[in-house]
Amino acid sequence: MRRYLKTLFFGLGLAMLGFASPLGAATMESGDCLGCHGDIEMVGAKFLVDQLAFDHTAHGELGCPTCHESVTADHPDDGLTPSKAGCQDCHQEVGEEYARTGHAANASCGDCHNPHAARATTEVSGYDMNRQCAACHDPSELAASHGTWLPQAGLHLDMLPCVSCHTGSENYVVTLFLVRRPGGLEPNAPISTAPFELAGYGELKNLAEGKDIQSLVDIDGDGVVTIAELKNFNTSRQLRALRLRGMLTPEAVTHSLQTLDNRWDCTFCHASGPGAMQTSFLALPREDGAYRRLPVEKGAILDALNGTPDFYMMGATRNETLDLIGLAILAGGLIMPVGHGTLRFLTRKNRR
Amino acid sequence: MSEHSDQTSNRIYLQPTPVRIWHWLNAFGIVTLGISGAQIRFPDYLHLFGSYKSAILLHNTAGILVAISFSIWFFYYTCVARKMTLLYVPNRDDLQYGLLRQAVFYFFNYFRGKPNPHHPMPDNKFNPLQKSAYLAIMFVLVPLVSLTGILLMNVSPLREFVLIAGGLKILVGLHFLLACSLFAFLFTHVYLATLGKTPLSYVKPMWTGWEEIEDH
């Protein structure tokens, strides 16, 4: 909260400075900037800003001149290079935290974060989080190095954002993403065994036949995904090319980029029992490339048949009804020793 | 005198060495699987093998051991002894009369002190009820629990098969319920093994190979 207040005050401060500054800088608005910087033919790929993505960021709300305060109404004819605010001007605590890590010597903020498309943690898919890490860390090498100590390393790397273990992340939830095989949503798509990938906004929009893509799962449109709606999704022939891929994602991350000691212990995630894994969301792609989330009915992650057939965390998401059925089976196995054994004891004289 | 019988001491050679090795490997492996599996499913209640990772590694190792021992058993009875059908598949007489006869013995005549109608021989080791139970256990339950276990051990490389099976959660549920069924059978199996003349008289042949012939 303090960080956001600081950002707000910093933005307000900059805005007030803008009023007091020469006329040229004050008259430059984001819309003016994006008129050119939103067109690749005018500025080239290096200076291109994806307006759709930028508009939905906190940085977009502050506006271009907040960070590029020296830009004038004569830009670029004035020949001046606009100033750039440093990330730490607003994100000082994050910057200091990051500076203490080994990563700081190898990657600057911009190597992982595009300031023109910066999202909150919960707006980024787990896949996209890991894509940033994979820019430097080869996934096959990661699988090999994790495989030296971590059972089913490939599965863990598929189902977890790296930051879940390698930052001081907190408050884990299960986030469900819509995935499909490459080209799998196209009409008459051939049967494929290619790895599943995130389904994009455009193709889901087509599948929803013009309706909100939320309607693919949340049929009644009430903004909550029920177990019945998940069952309908999982058994729908029309949607059979889509699957729900669950990932354990943190609600908050730090930039400490370390491996906390408790992450080496499997029971950090696997011993919490079925009461803990009750919060889950369906993440739907937005047109701007970010994700929005719909809450999923409690219990869906634990449901044995209808909820999330591809997501199971040993120890943590077991189904309690199955536990009871298993117990009944075991108890059935004791009928013979207990029942027969009792009669055997009572009739022992007959066998002497 | 047959190589499988010893008239002087009134005993028969019932359990060949490969079968005994298989049996005890299986027993040790399955009990280990059950206990480590319980810790894996209920880590919030059970901490028998130290860390969770130890329990998983032990469970995986025991699973591989049992799968190998199952293969030994299958290879031995199918290719070496060539008695698989003879020993494990109930014949017409078993189905028509044997099952009922054996059930009447276990649930009625045993309590009256009557003799067991089945007399084990090397080519006819199991009574009709045993044959039927072992047929279900060894040809359905153990292969299915092994298959689901192999898939769960290798989710990423075998993901396509996991999807064909209906997803990870179906597989886990199936593996758990099959394992419970196997243990339910195990309780009965161990109990029935004590039903001989003395509580250990049916257990001893599985250790030495020789069974004392009961006087009737």
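**Before you start**

This is a predicted model: local features need pLDDT of at least 70, side-chain atom pairs count only at pLDDT 80 or more, and totals for chains, interfaces and linings use all residues. Residues are numbered from 1 along each chain as its sequence is written, while chains are lettered from A and ligands numbered from 1 in the order in which they are written.

**Stop 1: colour by confidence**

Colour both chains by pLDDT, the predictor's confidence in each residue, from 0 to 100. The model scores ipTM 0.90 and pTM 0.85. Chain A has a mean pLDDT of 86, with 91% of its residues at 70 or more. Chain B averages 88, and 94% of its residues score at least 70.

Elements come next. Helices (H or I, at least four residues) and strands (E, at least two) are DSSP runs, numbered from the N terminus. Where is confidence lowest in chain A, and where is it highest? Helix H2(A), residues 23-26, is lowest at a mean of 42, and H18(A) is highest at 96. Now select residues 12-26 of chain A. Their pLDDT is below 50. Beyond near neighbours in sequence, this stretch has 15 contacts in the model (two residues are in contact if their C-beta atoms, placed from the backbone, lie within 7 Å). Where pLDDT is low, the predicted coordinates should not be read in detail.

In chain B, strand E1(B), residues 5-6, is lowest at a mean of 57, and H7(B) is highest at 95.

**Stop 2: two backbone details in chain A**

Most residues other than glycine have a negative phi, and most peptide bonds are trans. Select His75(A) and Pro76(A). The peptide bond from His75(A) to Pro76(A) is cis, with omega near 5 degrees. Pro76(A) lies in the loop between helix H7 (64-67) and helix H8 (87-90) of chain A.

Move to Gln152(A). Its phi is positive, about 50 degrees, although Gln152(A) is not a glycine. Look for Gln152(A) in the loop between helix H12 (139-147) and H13 of chain A.

**Stop 3: the strands of chain A**

Show E1(A), residues 170-180. Two strands pair if DSSP finds at least two bridges between them.

- With E3(A), residues 243-252, E1(A) pairs in the antiparallel sense over nine bridges. Leu178(A) stands opposite Leu244(A).
- With E4(A), E1(A) pairs in the parallel sense over four bridges. Leu176(A) stands opposite Leu282(A).
- With E2(A), residues 197-198, E1(A) runs antiparallel, joined by two bridges. Arg180(A) stands opposite Glu197(A).

Follow E4(A), residues 280-285, into E5(A), residues 291-296. These two pair in the antiparallel sense over six bridges. Leu284(A) faces Arg292(A) as its opposite residue in E5(A). E4(A) and E5(A) form a hairpin with five residues between them. In the turn, select Gly289(A), with a positive phi of about 95 degrees.

**Stop 4: the helices of chain B**

Chain B has eight helices and three strands. Along the sequence the pattern is β-β-α-α-α-α-α-α-α-α-β. The C-alpha atoms fill a box of roughly 60 × 35 × 35 Å, taken along the principal axes.

Select H1(B), residues 17-41, and H2(B), residues 52-80. They pack at an angle of about 155 degrees, with their axes 8 Å apart. (Axes are lines fitted to C-alpha atoms, for helices over the stretch in contact, and angles run from 0 to 180 degrees between N-to-C directions.) H1(B) and H2(B) are therefore roughly antiparallel. Angles under 35 degrees count as roughly parallel, over 145 as roughly antiparallel, 65 to 115 as roughly perpendicular and the rest as oblique.

H1(B) and H7(B) pack at about 135 degrees, with axes 11 Å apart. That makes H1(B) oblique to H7(B). From H1(B), the contact uses Ile30(B), Gly34(B), Gly37(B) and Arg41(B). From H7(B), contributors include Phe176(B) and Leu186(B).

**Stop 5: where the chains meet**

Show both chains again. The contact takes 38 residues from chain A and 31 residues from chain B. On the side of chain A that touches chain B, H18(A), residues 320-333, gives the most, with seven residues.
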